[in-house]
Amino acid sequence: MTDWSRAVSTRPPADLAAPLETVTGNRGLQIEEGLIFEQGSPGRCGVDFADPPPFEARLGGLERQGAIGLPGLSEPQVVRHFTRLSQKNYAIDTGLYPLGSCTMKHNPRLNEKLARLPGFADVHPLQPVSTVPGALALIDTLAHWLKTLTGMPAVALSPGAGAHGELCGIMTIRAALEARGERRSRVLVPESAHGTNPATAAACGYTIDPVPGNPRGRVDLEVLQRKLGSDVAALMLTNPNTCGLFENEILDIAAAVHAAGAFFYCDGANFNAIVGRVRPADLGIDCMHLNLHKTFSTPHGGGGPGSGPVALAASLAPYAPLPWVVHGEDRLELAEHKVGPTEQAIGRLKGFHGQMGMFVRALAYMMSHGADGLRQVAEDAVLSANYLRARLDGDLSLSFAGPCMHEVLFDDRFLKDTGVTTLDFAKALVDEGYHPMTMYFPLVVHGALLIEPTETESKASLDQFTAVLKALVAAARSGDGARFHAAPRLTPRRRLDETAAARQPILRWRPESAHLQAVE
Amino acid sequence: MRYLPLTDPDRQEMLAAIGVDSIDALFADVPHQARLDGLLDLPRTMGELEVERAISAMASRNLAAGSVPLFIGGGAYRHHIPATVDHLIQRGEFLTSYTPYQPEISQGTLQYLFEFQTQVALLTGMEVANASLYDGATACAEAVMMANRLTRRGQAILSGGLHPHYREACETYARFVGFEVAAQAPAPSGGEDLAGLIGRDTSCVVVQNPDFFGEIRDYSEFAPICHEAGALLVVVVTEILSLGAIRPPGEMGADIVAAEGQSIGNALNFGGPHLGLFASRDKFVRQMPGRLVGETVDADGRRGWVLTLSTREQHIRRERATSNICTNSGLCALAFTIHLALLGETGLVRLARLNHAAAVRLAERLERIPGVQLLNQAFFNEFALRLPRPVAPVVEALAEKGVLAGIPISRLYPDRPALADVLLVAATEMVTEEDIDRLDRELREVLS
């Protein structure tokens, strides 16, 4: 047996300890990679097709003239390029991803496998409905799970992501108000809300009326009551809210909203905290979108695709967007037009029938957990966040008292007089091999750090994370500001100049010569 | 439960560290009457094998498009996807990352989105493209709203050649966002006078090319008419592969291109997720919806990429954002980028030619069937046929014989009896000579 410990020293001699300038700019496994446009050669191709037999084109004389400008690469070049790019990304597969309100949990690969079954992935949306009973059954089963978990009688499945679900929800609310002959003008949105809430309500023509929080991090019920009136269409509330707190006066809030004749919209981004333990319908909520790419673990994919089904109370169900899957006499049917029971539907929000690939993944996730496992999900998520809260209390500064739900909010008081900002602190975490928490959101506390560990971290992982945070806090307080200001130093790129990027936007590659022309 | 790492002893230790007796104490803020004590009436946890059985059973009840001759298009097209594409997009570093808010550890996502934006701009002949939207229909609605902002006008004219789902999405947005839509009647044989409809409040005219019935038109003389009247020209493309063969909207004077990118790299998926493409002119970039990736340098002066012009977006701008969109179709954009990188110029042009060749061969065969009339002058990989009788039962009969023959227009336009005998037929590179023989033979039989 070879004794490698004699042959290999991990500690370099002192004169080699300085950072190594490499010939390539590469640093071991971190490899510099240019754009595909800089690597291509005309005529090279990564796909082999035979030319078609001779034929007479029928393009009406509108053939494309001249080159498109796409680079030619072989298959091995393409594989290497995208593999190298992938290695420049942080991911839940590689580590804890504590982004508050984003619910970055483990993405089971079973769900990927099932979504790729030809019976789902290779089915055309406009095949005769008689050839897709399994697709309708899957949608109907998913709807049953979502309705049971929310306690709501209906669910609209077509929205493409959370913000699209919000749009769907606010549109159904407006349709219901119009059906009552009412034109209301204001939507109340707590100051701690996600940016999509005010953006959505404003897109639907409403004036946004912000509702301040109380010192306990919840909606100020008295202010809310004063703001409610006959011109208020809805309250858009996130619960648990983005401070990681359950709105404990939610039943009174719902009662007040309903007494004013308004609808109670809930942003369901944080449903992971209560799934299986609390049904939104029991809280008086009329309408709530669910992010399948958060609570139900469909992968976020670097920014989508998502899926944003909307659970609806009976008062809003008739306005759900098309299409609907409906129970026919002996089979499921797809209602694609406004006829009969769908007469009041708001219409279509999207092409075809929704994010089927995401539906399959989410259903596989829910069936894997079952009613018991989903309840455990909420409990473990809340337990993990409270564990971090308890372990970090005194090191980081907690914004609010009391137990939190699935995420815990700190502010930057612990960095006072250190010269280190929330951003610096987060970037130092990057050097330690972690994705930062959500920073500077919610806006209701100064220099927010919002941590959501999710239920798919082990205790050892949580312990290591707390140890790292404590060490960084100690470093910041001991005056080691330089470490933070220079961070991150061990990443494929250091801090990037976002101001320059916005001032003179370069949004695409151009050949060098064209570039000069564009600048002129 | 296999996805949950905490053990019961872990949970006890953690509760002790928190200083509470039970998990219920952590849910103390939930009002009593809203707490569920027991489990909901849903099945209990299942092993991987059981879930796979249950869901595979549902999949097996569907007729997979690849198992039969397929001639259905209508905004979703079955193309060959190289094995490399699906392999690469399933790398965990792509699949399980979030929106690239931390650029130093998201350069992979940011760089491919920059490459994607460049590819989309080149393909459409436009100057700038965003990092994707949900799908073609929502991209179309966003295009109209962007035109409304740019022109400060409130009426969009929609060609009758626009995909009916796109029109319906625009109509829904119009009702609630507050603008007008003048949608023209579907006209498979053309003959629309769009120019005559443009008025002082018209923000844009939305045309589709090739249109919903497959017809290719030249809009280069129409664009200046729009511009002279102060309106923008929005061109919708539902079969993005067509741009490997025909003149792109940018060369015809389009101001905004809204397209469906599913054809490149993405499966049919029963209609979703698909990939919204959105391209425009540099001068309009600050009114564009959705994420944009831009080039910059890092602290050491090395080239890198960031999300940029975020002051348009909801997380900064809140109620004054250009759009409420947040999550888009990142991974579908990656599939598109990889597939198009593999194809390159040569492969894309050849693939487009193969599609056109297949459609031409199919049209030549089907228009010889007695009573069948081809309605197109020019087409790419899809065309409309008038049959001597209502189409829907014909398509059903063919499906029973194991041929997915196309789309009865009546499915999308049930209120237009004049279109009940129109069939929309597509042929991609996936269609074989045997498939064409089969459709020819079976259609003759059903019609006879």
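Me: What makes 58% of the residues of chain A count as buried?
Reply: This is a predicted model, and the test is a neighbour count. A residue is buried if 20 or more other C-beta atoms lie within 10 Å of its own. Of the 520 residues of chain A, 58% pass that test.

Me: How do you know which residues touch A:Leu363?
Reply: Contact here needs C-beta atoms within 7 Å. Leaving aside residues up to four places away in sequence, A:Leu363 touches A:Leu138, A:Thr141, A:Leu142, A:Trp145 and, from the other chain, B:Ile55. A:Leu363 also sits in the largest nonpolar core, which has 320 residues. There A:Leu363 is one of those that touch the most other members, along with A:Leu312, B:Cys140, B:Val144, B:Val206 and B:Val234. In chain B, this core draws at least three residues from each of domain 1 and domain 2.

Me: How do you know that α2 of chain A has close to its expected span?
Reply: Helix α2(A), residues 75-86, has 12 residues. The expected span is 1.5 Å times one less than the number of residues. For α2(A) that comes to 16 Å, and the helix reaches 16 Å from its first C-alpha to its last.

Me: Why are the buried residues of α2(A) said to be on the same side?
Reply: The buried ones are A:Val78, A:His81, A:Phe82, A:Leu85 and A:Ser86. They cover an arc of only 135° around the axis, so they lie on the same side of α2(A). The general idea is that an α-helix has 3.6 residues a turn, so residues three or four places apart point the same way. As for partners, the buried residues of α2(A) pack against α3, α4, α5 and α10 of chain B.

Me: Why is strand β5 of chain B called largely enclosed?
Reply: Because 6 of the 6 residues of β5(B), residues 232-237, are buried. Both faces are covered: B:Leu232, B:Val234 and B:Val236 are buried on one side, and B:Leu233, B:Val235 and B:Val237 on the other.

Me: What makes β4 and β5 of chain B a pair?
Reply: Pairing takes at least two bridges. β4(B) and β5(B) have 5, in the parallel sense, so they count as paired. In one of these bridges, B:Cys204 has B:Leu232 as its partner.

Me: What makes β10 and β12 edge strands in the open sheet of chain B?
Reply: The order in that sheet of 4 strands is β10-β11-β13-β12, with antiparallel pairing. β10(B) and β12(B) each pair on one side only. β10(B) is joined to β11(B) by 2 bridges, and B:Gln373 has B:Arg386 as its bridge partner.

Conventions:
Residues are numbered from 1 along each chain as its sequence is written. Chains are lettered from A and ligands numbered from 1 in the order in which they are written. This is a predicted model: local features need pLDDT of at least 70, side-chain atom pairs count only at pLDDT 80 or more; totals for chains, interfaces and linings use all residues. A nonpolar core is a set of buried Ala, Val, Leu, Ile, Met, Phe, Trp, Tyr and Cys residues joined through C-beta atoms within 7 Å. A residue is buried if 20 or more other C-beta atoms lie within 10 Å of its own, exposed if 12 or fewer, and partly exposed in between; C-beta atoms are placed from the backbone. Domain bounds come from an automatic or database domain assignment. Two residues are in contact if their C-beta atoms, placed from the backbone, lie within 7 Å. The arc is that of the directions from the helix axis to the C-beta atoms.
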